[in-house]
Amino acid sequence: MTNDTRTQGANKPALVVGVLLLIVAVLVGYDASQQTITSTYGIGPTAMPYVVAVGLVILGLSHFVVAFREGLPQPDEADNPALLWIAGGLIFLIACIGLGGGFIIAIAVVFACTARGMGRQALAIDAAIGFMLGLIIFLVFAKLLTLILPSGPLERLFL
Amino acid sequence: MDTLLSLLNGFGVAFEPAKLMFCLIGVFLGTAVGVLPGIGPALTVALLLPVTFKLDPAGSLIMFAGIYYGGMYGGSTTAILLNAPGESASLATALEGSKMAKAGRGGPALATSAIGSFVAGLIATIGLAFLAPLLVELAVKFGPWDYFALMIVAFVTVSATFGDSPLRGLTSLFLGIALGLIGIDKLTGQARLTFGVPELLNGVEVTTLAVGLFAVGEAFYVASKRARDPEEIIPIKGSLWMTKEDWKRSWAPWLRGTAFGFPIGALPAGGAEVPTFLSYSTERKLCKYPEEFGKGAIEGVAGPEAANNASAAGTLVPLLTLGLPTSATAAIMLAGFQQYGLNPGPLLFAEKPDLVWGLIASLFVANVMLVILNLPLIGLWVRLLAIPQPWLYAGILVFATMGTLAVNSSPVELGMLFAFGFLGYLMRRYDYPVAPMVVGLILGPMAEAQLRRALQISLGDPMILLENPISATLLGIAFIALVAPFVMKGLNRFKAAED
């Protein structure tokens, strides 16, 4: 891995990390300043957040320094479509569970999308495998562990 | 001889048929999951935590012990046969192990790693059994200030001393501590950083963070660079068994590896990387056939594997006696304890001796089971390695989702899993270590509680931390460990300028 970002002046990823750390620090500090409960003895619940915020500020500023020196390690180029497939599957999962679509369908989609992202070209077959997997897991949890995973119309057929 | 008596009692617990069964299931599951490429022991434990959810505490902790040791063993199989170490502690094993496998000596490599792990595990567990009560006696005298100082040492050593860049390690740690602030403050009831989201009041689950960072993050990472380096299984050719020569060359490295691994693991210094690499370089120096190193020397597998396992048992010493996790795996184990309202520490030894000693005895049992189970089952584990990568990672994400939903079935929890996964991917991409973040999340609130307790006792005087000899010494060690890498770097630069 060669590091040729130095020629551009500042290392962009390091700058971004620095800015993000400062934002987190501000969030933590602001939240602490809004708290109402104080402690009579010793230090209250706000002390630690302020310490963490100060630490994050120092780390953020250090990243700015690093950005102008060696920078962060230069990563290889990412396979973005692959990432999008997996992320898409996971976002569908969250939506499906949130909107009451049920566990089994969500799992089928996650399985199929992830396998697709990893390079398999058989979306329908993978969805079927994922469906079976989801069904088995749901039944094992429901019958053996008496733990009901999020249910939609489909799951209610089995309960 | 109290220790022996307690240990015998522990064996009484561990030999109950139900407990033996749990241990066997744990060893089997741990190996099966640990063998999958890209899954280290930390992730194995995190993924399987929900499985133990409904068992009684003793049974599930015993299963845990099995999972832990099984996961370690599975990881070294992957390192040898795939040259894909699941964690940095098996890097050294992969160096020589994969070369041996390529040379058709995969069988003896796996055997020396299994038997070496067994020998190391056995010795280190004996060490644990005898060291733990001594440390408990010491720990009883610890005040909150001492605990706080100890945690600071753990923070520093986990994040700053090891890894490529102390800055990136500390960043990871501080993000973990910041996550630890989320939720209701235990001492006052003040809600912190919840932004009005009720799901956040209980704080961030350690398992959600760990599974997100390790499993989902790894899946993203592998997908992002899929096209570049396809993994290849090296088939096992020839005999599985070690020759007389192999035995002769293995036994001393096993013992030396154990001697490195256990003490370093037992210190709150975090990680098995140091002992494994120490062992590797020592074996390289002592070996009668130094020309074989780099081409598959059996000593280079035997030593680091023993060191790795011994340090795994070593990390249980601070975990059980002080409640101090010094590795990501230990942090997740601690989360497992807390799931049952158990707080490891000196009190646990006094209140639940059956449980603690049953657990320690189960480590012996798990060790024996591993070696009996794994030598004949190597063929099965190799077949697990052959699962096509797309299905493997799809399956991992399914299990990650399942585990998260079983603990807390809300879309917010899944959203966090996804967010942590993406964060884990970015951290991997830019070479930030993820383990300090998990340790920060679990140790941060503990350190805060101890500090506040200390300051309540001293009526707000922070000098109490420096007036007590133990805490003062520990803080001094932490300071040196924190500053040393930066100073060394400065010295190096100075040297470079001089040249």
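Me: How many helices and strands are there in chain B?

Reply: In this predicted model, chain B holds 20 helices and two strands.

Me: What makes chain A more spread out than a compact globule?

Reply: Chain A consists of six helices and zero strands, in the order α-α-α-α-α-α along the sequence. The radius of gyration of chain A is 24 Å, whereas the globule rule gives 15 Å for 159 residues. The value is well over that of the rule, and chain A is therefore described as more spread out than a compact globule. The box filled by the C-alpha atoms of chain A, taken along the principal axes, is roughly 55 × 55 × 25 Å. Buried residues make up 38% of the 159 residues in chain A. Of the contacts in chain A with a separation of 6 or more, 62% join residues 24 or more positions apart.

Me: Which domains does the domain assignment of chain A give, and how far apart do the C-alpha centres of domain 1 of chain A and domain 2 of chain A lie?

Reply: The assignment gives domain 1 (5–68) and domain 2 (80–156) in chain A. The C-alpha centres of domain 1 of chain A and domain 2 of chain A are 37 Å apart.

Me: How many residues of chain B are in contact with chain A, and which elements of chain B give two or more residues to that side?

Reply: There are 48 residues of chain B in contact with 53 residues of chain A. The elements giving two or more residues to the side of chain B that touches chain A are α8 (166–181), α9 (206–224), α16 (389–407), α17 (411–429) and α18 (435–457) of chain B. The largest share of that side, 11 residues, comes from α16(B). By class, the side of chain B that touches chain A has 27 nonpolar, 11 polar and 10 charged residues.

Me: Why is α9(B) called roughly antiparallel to α18(B)?

Reply: The axes of α9(B) and α18(B) come within 10 Å and cross at roughly 175 degrees. Angles over 145 degrees count as roughly antiparallel, and α9(B) is therefore roughly antiparallel to α18(B).

Me: Which residues of α9(B) and α18(B) meet, and of what class are the residues in the contact of α9(B) with α18(B)?

Reply: B:Val206, B:Leu209, B:Ala210 and B:Leu213 in α9(B) meet B:Met437, B:Val438, B:Leu441 and B:Ile442 in α18(B). The contact of α9(B) with α18(B) has eight nonpolar, no polar and no charged residues.

Me: Where does B:Leu193 lie, and is B:Leu193 buried or exposed?

Reply: B:Leu193 is in the loop between β2 (191–192) and α9 of chain B. B:Leu193 has 21 C-beta neighbours inside 10 Å. The cut-off for a buried residue is 20 or more, so B:Leu193 counts as buried. Phi of B:Leu193 is near 50 degrees, a positive value in a residue other than glycine.

Me: How do you know whether B:Phe195 is buried or exposed?

Reply: B:Phe195 has 9 other C-beta atoms within 10 Å. A residue with 12 or fewer counts as exposed, and B:Phe195 is therefore exposed. The place of B:Phe195 is in the loop between β2 and α9 of chain B, and its phi is near 50 degrees, a positive value in a residue other than glycine.

Me: Why does B:Asp461 count as exposed?

Reply: B:Asp461 has 12 C-beta neighbours inside 10 Å. Exposed means 12 or fewer, so B:Asp461 counts as exposed. B:Asp461 is placed in the loop between α18 and α19 (464–467) of chain B. From B:Asp461 to B:Pro390 there are 71 residues in sequence and 57 Å in space, C-alpha to C-alpha.

Me: What makes B:Leu175 count as buried?

Reply: B:Leu175, found in helix α8 of chain B, has 23 C-beta neighbours inside 10 Å. With the cut-off at 20 or more, B:Leu175 therefore counts as buried. The C-alpha atoms of B:Leu175 and B:Val371, 196 residues apart along the chain, are separated by 40 Å.

Terms used
Residues are numbered from 1 along each chain as its sequence is written. Chains are lettered from A and ligands numbered from 1 in the order in which they are written. This is a predicted model: local features need pLDDT of at least 70, side-chain atom pairs count only at pLDDT 80 or more; totals for chains, interfaces and linings use all residues. Domain bounds come from an automatic or database domain assignment. Two residues are in contact if their C-beta atoms, placed from the backbone, lie within 7 Å. Helices (H or I, at least four residues) and strands (E, at least two) are DSSP runs, numbered from the N terminus. Ala, Val, Leu, Ile, Met, Phe, Trp, Tyr, Cys and Pro count as nonpolar, Asp, Glu, Lys and Arg as charged, and the others, Gly among them, as polar. Axes are lines fitted to C-alpha atoms, for helices over the stretch in contact, and angles run from 0 to 180 degrees between N-to-C directions. Angles under 35 degrees count as roughly parallel, over 145 as roughly antiparallel, 65 to 115 as roughly perpendicular and the rest as oblique. The radius of gyration is taken over C-alpha atoms; the globule rule is 2.2 Å times the number of residues to the power 0.38.
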